[in-house]
Amino acid sequence: MPISQDSVRERLELLDNFEELKLGWFWATDAKGRLIYLSHSAIETLGQSADEIIGKSLPDLFVPDKDSDPGKAERPLPFLLSARHSFADMPARVALPQQDEEIWWSISGKPQIGSDGTFLGYRGSAKDITFSRERERDTARLAQYDGLTGLANRNHMEKRLTATLIAYKAAKRSCALMLLDLDRFKAVNDTLGHPAGDEVLKQVAQRLQKVIGSDCEIGRIGGDEFQILLPDIDDRGQLGDIATRLIQMIAQPYSVNGNRAIIGASVGIAIAPYDGLDAEDLVSSADLALYSSKSGGRGQFRFYSSELKEGARLRKQIEEDLRDAIPQDQLEMHYQPLIQAGSNIVKGFEALMRWNNPESGWISPGIFIPIAEETSVITELGEWALRRACRDAAEWPGDLTVAVNVSAVQFANEDFVQVVKNVLESSGLDPARLELEITESVFMADPHATKRMFARLKKLGIRLALDDFGTGYSSLSYLSQAPFDKLKIDQSFVRGATENGSNNAAIIDAVVSLANALGMITVAEGVEAKDELDLVVNRGATLIQGYVFAKALPHNEVLQRLEEGRLEYDIVGPARHRSERKTVFRRVGVIHEDHRYEAVLRNLSSSGAMIEGILNVPKETDLVLDLGEGQLVVAKVRRSKEATQGLEFETTLVSDGADGLCTRHRISPYALAAAGMPLQALPTGYYPLVGNDGDHGPKSRPQFLEVTTSKSAWNTD
């Protein structure tokens with residue numbers, strides 16, 4: 001039935017009204033894809049005239065969406081048009097003169113075919129979806145980003161890390177991952193409330209963004225856990241510097257609704273491809289490193305190493321053995337003298353706990369104390385140490401003081417004052433001779449409870465000392481309010497203070513001046529050399545503690561010396577400070593030209609090492625030291641005597657965050673794979689030197705005589 005003219009007019013009027021109301025628009029192209037029609041109201045939206053629009057190619061009206069999800073894999077508009085496919089509700093961003101403004105259309109189109117089969121062009125429709133697009137984007141953002149801090153959430157970081165590692169594996173690029181956990185954040189929620197905790201988290205996010213560059217991704221993956229993705233960084237010196245800045249920045253006080261909050265941070269670092277090739281392995285490695293940094297005392301960073309897996313097992317064993325240490329009488333107290341500057345007369349001793357495990361031997365306090373602090377064992381250990389130290393000090397002649405370390409866990413216990421009172425009464429020690437050494441971490445608890453604890457302790461007549469001043473959460477406000485009698489200058493400021501370019505001497509000056517102004521005495525700890533001693537004495541330190549005079553000794557040796565009246569100590573340390581050398585006893589590889597030897601590493605510093613096990617090595621010989629796990633160090637022989645050589649490194653080692661040293665860079669697993677080894681994260685062990693021809697074996701044997709290291713080389717006595 002033919003359509004009447006009236007019906008045609010009514011239909012055209014309806015379409016005109018539809019276009020004018022901007023409920024939708026119509027468009028058409030010719031066979032070459034050029035626009036031959038576009039609704040007038042749509043042209044107005046584009047901000048151009050009809051003459052400028054008509055004749056354009058349809059795809060020219062739109063710009064690619066840089067934020068589109070690559071996982072959707074949608075066909076682009078030019079492809080659909082060239083293939084003459086129909087399409088419906090395709091989102092497209094409109095090209096506008098002002099690119100900062102966004103308008104989105106949903107377009108649909110159908111190819112038109114003539115009666116003779118000829119392609120005539122497209123006919124289609126469009127509608128504005130800007131509002132719904134923004135709403136979808138906001139919804140998608142909420143699914144990918146943390147609503148509190150605005151950082152990426154766990155879901156987003158998992159996708160980003162996985163995609164990055166896949167792409168970087170193909171491109172043979174490196175990528176570092178940091179896991180950051182806030183220390184003592186729970187205390188903020190408990191004392192100031194969860195709204196205050198939320199505000200602190202927002203400020204933490206802002207501080208992280210200030211330290212981390214725009215090329216890196218930061219995510220909040222848990223309540224107080226953060227993840228940082230740092231592409232194309234494998235320099236462990238650079239990563240250590242970044243981690244240190246992060247820890248220092250986060251440790252600064254937070255102002256929340258007129259209250260002051262103090263937290264800290266621990267950081268674990270893993271690097272792909274060295275410590276893991278896929279996301280799961282890399283996160284696991286970084287998590288082990290984070291766990292190690294928290295176990296090491298918090299406020300520190302750690303790099304992943306294969307030793308951490310074994311360390312986790314040993315830690316569990318130590319935790320179990322530690323519970324038996326007191327009942328089985330495995331603990332001892334040793335005492336290091338506090339020497340008066342200038343006179344070299346002993347004025348007191350610091351009590352230091354030692355653990356002689358029947359199976360493992362002597363275990364460092366740096367290992368077992370952090371483990372004890374994470375369990376209920378620390379309270380029992382602390383009380384035992386206090387009782388033993390006071391009992392021993394009561395036998396000393398005169399008014400010599402005894403300083404006992406107190407953990408933040410002990411200090412926060414409401415019964416602690418009564419424990420101290422009972423110990424003083426049972427030992428008979430004059431309260432004025434007891435000094436309790438605490439660290440700045442006690443101030444991160446309830447400030448009112450902390451103030452009350454100070455007042456109750458001072459009422460007993462004891463003395464209070466602030467340990468490790470300047471290394472943690474320093475604040476002049478609490479220092480001026482807390483009733484300290486003594487400030488201890490941390491050994492990290494003493495070490496290296498005599499080196500050119502060091503600012504440590506100025507820091508020591510400032511601490512001494514501050515203590516004098518507040519009526520406190522100072523102790524410079526960790527003094528090991530004569531030049532360091534002269535420096536701290538000249539800077540006005542009151543007391544000196546360190547190996548320059550004596551190490552910590554058992555009580556019977558201390559008592560014998562005191563009974564003999566030997567109160568003056570001789571200087572026994574070296575004349576000058578040198579880079580700290582760590583005594584180690586383990587096998588390493590030594591490479592000369594294309595031959596490899598095994599030797600024993602006897603000591604190690606940032607600038608050199610001593611090895612033993614190879615005869616007749618001339619001075620000035622160039623060697624490469626293989627420290628394992630892909631760590632190669634170029635070195636030159638500076639001293640050589642029989643089977644022992646002193647090496648100087650071409651490039652200094654950097655801190656591994658665990659009071660140890662490591663190389664900045666390692667052999668890339670990609671380079672090893674190119675040499676014929678399987679592509680995998682670096683295992684423990686040595687790596688062969690590969691010649692230009694790909695051979696792994698030696699080409700020629702140099703004129704050195706390889707010898708077997710005697711058992712005495714492994715004797716640590």
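Both faces of strand 18 are covered in this predicted model, with Leu434, Leu436 and Ile438 buried on one side and Glu435 and Glu437 buried on the other; buried means under 20% relative accessible area, exposed over 50%, and partly exposed in between, with a 1.4 Å probe and protein chains only. In a regular strand the side chains alternate between the two faces of the sheet. Because 5 of the 5 residues of strand 18 are buried, the strand is largely enclosed by the rest of the structure. Helices (H or I, at least four residues) and strands (E, at least two) are DSSP runs, numbered from the N terminus, and residues are numbered from 1 along each chain as its sequence is written. Local features need pLDDT of at least 70 and side-chain atom pairs count only at pLDDT 80 or more, while totals for chains, interfaces and linings use all residues, and side-chain values use heavy atoms, with hydrogens and water left out.

Strand 18 (residues 434-438) pairs in the parallel sense with strand 17 (residues 401-405) over 4 bridges, and strand 19 (residues 463-469) also pairs with strand 18 in the parallel sense over 4 bridges, where two strands pair if DSSP finds at least two bridges between them. Ala403 stands opposite Glu435, whereas the bridge partner of Leu436 is Leu464 in strand 19.

Glu435 counts as buried at 3% relative accessibility, and its side chain is joined to that of Arg463 by a polar contact of 3.1 Å and to that of Lys486 by a polar contact of 2.3 Å. A polar contact is a pair of N or O atoms within 3.5 Å; within protein, one must be able to donate a hydrogen and the other to accept it, and residues adjacent in sequence count only if both atoms are side-chain atoms. When neighbours within four places in sequence are left aside, Glu435 is in contact (heavy atoms within 4.5 Å) with Thr401, Val402, Ala403, Val404, Arg463 and Lys486.

An open sheet of 5 strands has the order 8-9-7-12-13, with mixed pairing, and its edge strands, each pairing on one side only, are strand 8 (217-220) and strand 13 (301-303). Strand 8 and strand 9 (residues 225-231) pair in the antiparallel sense over 4 bridges, and in strand 9 the bridge partner of Gly219 is Gln227. Helix 9 (residues 236-251) packs on the sheet, and its direction makes about 160° with that of strand 12 (264-272); helix 10 (residues 279-295) also packs on the sheet, at about 145° to the direction of strand 12. Here axes are lines fitted to C-alpha atoms, for helices over the stretch in contact, and angles run from 0 to 180 degrees between N-to-C directions.

Most residues other than glycine have a negative phi, and most peptide bonds are trans. A cis peptide bond, with omega about 10°, joins Ala272 and Pro273, and Pro273 has its place in the loop between strand 12 and helix 10. Phi of Arg84 is near 60°, a positive value in a residue other than glycine; Arg84 is placed in the loop between helix 4 (77-82) and strand 4 (87-94) and is partly exposed, with a relative accessible area of 47%. Asp232, in the loop between strand 9 and helix 9, has a positive phi near 60° and counts as partly exposed at 43% relative accessibility.
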